[in-house]
Amino acid sequence: MSALYSRQAEASQTPVAEDIQALSTSPVLLRLRQQLLAVGSKLTAASVAATLLFGQLPAQAGDEVILRFPASNDPAIFSAQKTLVEAWTIVQDAFVDADFAGHDWEQELNDALISAYRANSGDKAYDQISTMLAKLGDPFTRIVPAQEYADFRVSSDGEVQGVGLLIAADPTNGKLVVLAPITGGPADRAGIKPGDEVLSIDGRSTDGWDGDHAAKFLRGRSGSSVTVRFARRSLQIPGVAGRPEQPPHVDYQQVNLQRERLELSPVYSTAMMHDGHKMGYIRLVNFSQKAAGDMRRAIDALQDTGAEAFILDLRNNPGGLVRAGLDIARLWMEGPSEVFNVQGRSDDSIQSVMQSVILDDGKAETGRPLTVLINNGSASASEILAGALHDAGRANLIGDRTFGKGKIQSVFELQDGSALFVTVARYKTPKLAEIDQVGIQPDMACRLDGGVDRQASSGMPLDRASADTIAAQLETDNCVLTAESMLESQLPVLTAPPVAALPGLAGK
């Protein structure tokens, strides 16, 4: 998902009467519209990223609109009504389609507020926000509950406050098991190991839980604590012939873990040998704030070990921050280089034009041959980067058609802790190839055996311990092997040194 953070200015709320509220609206993302629709055909990458990041303007005199609606006496319903108005205001000012898919947006607000007022619970009232947003016909413009938004922040920030456990439900028996403790984290220091079965968290049984549900109880404020009870089953050792084997031993343990801030990397890298050539393999699982810095270090480390060419794996990368995508493009491309074309909002007064986003003049981290792996799980910022590298002739693409998400969202943090994702622009590749609902086709098709990629598709940051199995997978990954062969054709042919004549054999 391509998304950049933007904080919606807190709406001023002035009580007018018992059943009336006055809320101020402000020209959110007006600067974005001015930049994207300005006279001229080119934008620098820095200006676009800064505009999307800091697109809000303070409320101006004369911008206040009085909205009158029946206010519920139920605090939960009234809170939902306030959040609904807040969301409506942001969409009114920022959504890429000024026609709102042919809907009368003010009427939609009126209908949603009345439906919320008539709801019999706060949750039912809150549902009216999603109902209103669905009228836009854009699945990427949506409200995200506070907890789900916290998970999104984990992915985008590259850090989490918790105990450092990567867990999932075992597909064979449904039990909640440890995939890996994050190296050096609280769980790792407490001796929890891969394969341990998590039985309870703070006294709550984990029967029927999946990893996401358990993570909600394991994460928390740094310095707070959580109690985890787990079982460790020893491997069954065959007994003496003629005697029945003993059942595996089960060791039950309970530990109290103190949560802390943990940093996770979105980058995994390793060196691989192929027919005498050293290849640098880099996997990027998302475009978080840490992505560019971690990738730069990976490139430098691999070059220091003698990597002659690179494989950049964007498979199952759902995207992330556009700013991170631009920074990563700079690592592979000499500037000034075009990264993508963007088209903002059109309305009656201003006609939007497609504009090029170009990196400032600069030097790439490496100019060595590059191949990019993609699949139908590569979306958004992954498609921006793959399209830029491909159209510039910097890299060949191997794999499967990408997801096809050619829209950019800004993220607005709402007063109740939730967040509103709003589509603010559309984009195409530098050569104006359509991405949205079409995707990017690879230069060479390739899929893993069975047609199903074996990678995780969550886009969550990687821990080295959780990535220990990746190297073994790469040895049999058809797409990686194809990329190595393609890169080898771009490298100098290795020749064996001449064999010196053995003494005493002259003339024979």
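The secondary structure of the protein chain, in what is a predicted model, comes to 13 helices and 23 strands. Of the 508 residues in the protein chain, 50% count as buried, and the chain exposes about 23,600 Å², of which carbon and sulfur atoms supply 51%. Among contacts in the protein chain that link residues at least 6 apart in sequence, 76% join residues at least 24 apart.

**Geometry of H9 and H10**

- Helix H9, spanning residues 291-304, and helix H10, spanning residues 322-332, have axes that come within 8 Å and cross at roughly 20 degrees.
- Because angles under 35 degrees count as roughly parallel, H9 and H10 are therefore roughly parallel to each other.
- The crossing in which H9 passes H10 is right-handed.

**Residues at the contact**

- On the H9 side, Ala291, Ala292, Met295, Arg296 and Ile299 take part, and these meet Asp327, Ile328, Leu331 and Trp332 on the H10 side.
- Sorted by class, the contact of H9 with H10 has seven nonpolar residues and two charged residues, with no polar ones.
- An α-helix has 3.6 residues a turn, so residues three or four places apart point the same way.

**Burial of H10**

- H10 is mostly covered, with nine of its 11 residues buried.
- The buried residues of H10 are Val322, Ala324, Gly325, Leu326, Ile328, Ala329, Arg330, Leu331 and Trp332.
- Ile328, Leu331 and Trp332 are among the H10 residues that meet H9, and these three residues are also listed as buried.

Methods:
Residues numbered from 1 in each chain as written. Predicted model: local features only at pLDDT ≥ 70, side-chain atom pairs only at ≥ 80, totals over all residues. Heavy atoms only, no water. Axes fitted to C-alpha atoms, helices over the stretch in contact; angles between N-to-C directions. Helix = DSSP H or I, 4+ residues; strand = E, 2+ residues; numbered from the N terminus. Parallel < 35°, antiparallel > 145°, perpendicular 65-115°, else oblique. Left-handed = near helix turned anticlockwise from the far one by under 90°. Contact = heavy atoms within 4.5 Å. Nonpolar A, V, L, I, M, F, W, Y, C, P; charged D, E, K, R; others polar. Buried < 20%, exposed > 50% of the residue type's maximum accessible area, 1.4 Å probe, protein only. Areas by Shrake-Rupley, 256 points an atom, 1.4 Å probe, with all protein chains shown as cover.
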